[in-house]
Amino acid sequence: MILLIEVSRVKTSFSPFAEITMKDKNPYRLVPTLSLSESYQDKTLGGTIPLEPFLKFSQFLFTYSSMPFAVPTSIMEGLFAEAIGGYVVKGMGKVDVISSDNKTAYQIKTMVSVCNQTVWGRMTLRNKLEMLPASLIDAGVCSTIGNNLLDELHAEFEQTFKVFSRFVYVQVMKEDDGHTLLLINEICREKLLDFLLSNFEWKWSKKPTNPDHYQSLRAYYMGKHVFTWNGLSGNHFRITDLAYFLNEVSASSVCIRLPASISTLTHEQLVGKMG
């Protein structure tokens, strides 16, 4: 079955993420976008990404779009692994699914709405108890902490690219109108490793007035807020300008836009189908 979608390829002669700000409703809107019917005419998506696995995965996504709840990332990983004939892995950092030939690693992210940031994982810091208090009053210590975090990421991806020849970032998002966006980015090894070694400016955010909230350590590049580390709570490391980041580190980017399901099942209808 081919799903016909009224979306055509967007041709641009400039960076697909050019002049995009956080105020944009959809920061990925300039990524070349394909309908499934159009995609079937190509051998690859974006020129380098194999086509067939993503088309099969798209069919799964369309089926699950009728569910009355958000599908957990763990289920998405399993669906994607089935679509590509690969397998899900745990405990491999940024790698969630591996291809059957063990040459391509995939990271899968799901979002309930179009969003320009994502949690990239948890990162701990050596000598955290000593360094964090000092960094709140010393900009030099602040930079040292930030650079240590990026050095750790750099080492992790260096190892990843020694094991796998390709790394693909896959993101599933819901638009306000119910359509599903499947964003696919093949990450360029050289671009990613070079970007992580760039000269970032690290600053703590202002102290929040809510006592239940904590300051976060923020990384700025060329004036853009790119990363955030929640070192005082949870150790989450976030990409806070995902559109800009993916543009900087991707070899190719493409988006498949899937229509919303004609009708969404209620919980009662879903239970009835399962029973």
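# Salt bridges, strands and a cavity

Student: Which residue forms a salt bridge with Arg 166, the closest N and O atoms being 2.8 Å apart?
Tutor: In this predicted model, Arg 166 forms a salt bridge with Glu 186, and their closest N and O atoms are 2.8 Å apart. The pair links distant parts of the chain, with Arg 166 in strand β8 and Glu 186 in strand β9 (residues 180–187), 20 residues apart. A side-chain nitrogen of Arg must lie within 4 Å of a carboxyl oxygen of Glu, so the distance of 2.8 Å qualifies. The partner of Arg 166 is Glu 186.

Student: Is Glu 186 buried or exposed?
Tutor: The relative accessible area of Glu 186 is 9%. The class buried applies under 20%, so Glu 186 counts as buried.

Student: How many salt bridges does the count come to?
Tutor: Side chains of opposite charge can pair when their charged atoms come close. One of the pairs is Arg 166 with Glu 186, and another is Glu 190 with Arg 189, at 4.0 Å from N to O. By this rule, the count of salt bridges comes to five.

Student: Which parts of the chain are linked by Lys 90 and Glu 77?
Tutor: Lys 90 and Glu 77 form a salt bridge in which the closest N and O atoms are 3.2 Å apart. These residues are 13 residues apart, and the pair links distant parts of the chain. Glu 77 belongs to helix α3 (residues 73–84), and Lys 90 belongs to strand β4 (residues 87–92). The linked parts are α3 and β4.

Student: What accessibility class do Glu 190 and Arg 189 have?
Tutor: Relative accessibility is 47% for Glu 190 and 34% for Arg 189. Buried means under 20% and exposed over 50%, with one class in between. Glu 190 is therefore partly exposed, and Arg 189 is also partly exposed.

Student: Which strands are the edge strands of the open sheet of five strands?
Tutor: The five strands follow the order β7-β13-β12-β11-β10, with antiparallel pairing. An edge strand pairs on one side only. From one strand to the next, the twist averages 30°. The edge strands are β7 (118–122) and β10 (201–204).

Student: Which residue in the turn of the β12 and β13 hairpin has a positive phi?
Tutor: β12 pairs with β13 (residues 236–239) in the antiparallel sense over three bridges, and Phe 227 has Ile 239 as its bridge partner. The two strands form a hairpin with six residues between them, and a phi of about 90° occurs in the turn. In the hairpin of β11 and β12, two residues lie between the strands, and Met 222 has a positive phi of about 55°. For β12 and β13, the residue is Gly 234.

Student: Where is Asn 102 found?
Tutor: Asn 102 is not a glycine, although it has a positive phi of about 60°. Its relative accessible area of 39% lies between 20% and 50%, so Asn 102 is partly exposed. Asn 102 is found in the loop between β5 (95–98) and β6 (104–110).

Student: Is Asn 127 buried or exposed?
Tutor: Asn 127 also has a positive phi, of about 55°, without being a glycine. It is placed in the loop between β7 and α4 (128–135). Its relative accessibility of 53% is over 50%, so Asn 127 counts as exposed.

Student: Which element gives the largest share of the lining of the largest cavity?
Tutor: There is one cavity of 30 Å³ or more, and the space in the largest cavity is about 50 Å³. The elements giving two or more residues to its lining are β8 (166–174) and α7 (242–249). By class, the lining has 10 nonpolar, no polar and no charged residues, including Trp 120, Phe 157 and Val 249. The largest share, three residues, comes from α7.

Key. Residues are numbered from 1 along each chain as its sequence is written. This is a predicted model: local features need pLDDT of at least 70, side-chain atom pairs count only at pLDDT 80 or more; totals for chains, interfaces and linings use all residues. Side-chain values use heavy atoms; hydrogens and water are left out. On a 1 Å grid over the protein atoms alone, a cavity is a set of points where a 1.4 Å probe fits but cannot get out, and a pocket is an open set with protein on both sides within 12 Å along at least five of seven lines; lining residues have an atom within 4 Å of a point. Grid points are joined across faces, edges and corners, and a volume is the space filled by probe spheres set on the points. Helices (H or I, at least four residues) and strands (E, at least two) are DSSP runs, numbered from the N terminus. Ala, Val, Leu, Ile, Met, Phe, Trp, Tyr, Cys and Pro count as nonpolar, Asp, Glu, Lys and Arg as charged, and the others, Gly among them, as polar. Buried means under 20% relative accessible area, exposed over 50%, partly exposed in between (1.4 Å probe, protein chains only). Two strands pair if DSSP finds at least two bridges between them. Axes are lines fitted to C-alpha atoms, for helices over the stretch in contact, and angles run from 0 to 180 degrees between N-to-C directions.
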